[in-house]
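Student: I'd like to learn how to read a sheet and the helix packed on it. Can you walk me through one?

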Amino acid sequence: ECACGDPEFRPVWLAPIDMCDYYARQPPEVQALLLPPDPGAQAVYERACLGLSREEQNRDFMHVKFCADRGFVVDIFYEHDYCQRPDELGQLIPSTAPDGLLFC
């Protein structure tokens, strides 16, 4: 079982491609909040978002589980169809992992 310390957050599976794309869609002032000027954080961003091809960023073994707030979950899993799959009626629904968590 996986839970987040804050009841407003939910565990989700994401790959670097999802986090990098989310970051790229944000205005500069939000990007500044998401990626501090700390050299360590900058190195992780450069390695994950600039140092890997989009194919490498999306490999199954690259997915990590982390806690996300409601706004992030809505943006990633409901407002953009790349984290969705068609159900038996053809309606797009969020993708899930074998453990039942949202998976992008």
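Predicted model: local features only at pLDDT ≥ 70, side-chain atom pairs only at ≥ 80, totals over all residues.

Student: What is the strand order in the open sheet, and what is the pairing?

Tutor: The order is E2-E1-E5, three strands in an open sheet with mixed pairing. E2 and E5 are the edges: each has a single partner strand, so one side of each lacks a neighbour in the sheet.

Student: Which strands of the sheet does H5 touch?

Tutor: H5 packs on the sheet and touches E1, E2 and E5, with its direction at about 115 degrees to that of E2.

Student: Which residues of H5 are buried?

Tutor: Phe72, Val73, Asp75, Ile76 and Phe77 are. They lie on the same side of H5, because the arc they cover around the axis is only 165 degrees. Their cover includes E1, H1, E2, E3, E4 and E5.

Student: And how do I read a nonpolar core?

Tutor: The general idea is that in soluble globular proteins, nonpolar side chains tend to be buried together. Here the largest nonpolar core has eleven residues, among them Leu14, Tyr22, Ala68, Phe72 and Leu102. E1 and H5 each supply at least two of its residues, and H5 gives the largest share, four residues.

Student: What does Phe72 touch, leaving out residues up to four places away in sequence?

Tutor: Leu14, Tyr22 and Phe66.

Key:
Residues numbered from 1 in each chain as written. Heavy atoms only, no water. Core = buried A, V, L, I, M, F, W, Y, C linked by side-chain atoms within 4.5 Å. Buried < 20%, exposed > 50% of the residue type's maximum accessible area, 1.4 Å probe, protein only. Contact = heavy atoms within 4.5 Å. Arc of directions from axis to C-beta. Pairing = 2+ DSSP bridges. Axes fitted to C-alpha atoms, helices over the stretch in contact; angles between N-to-C directions.
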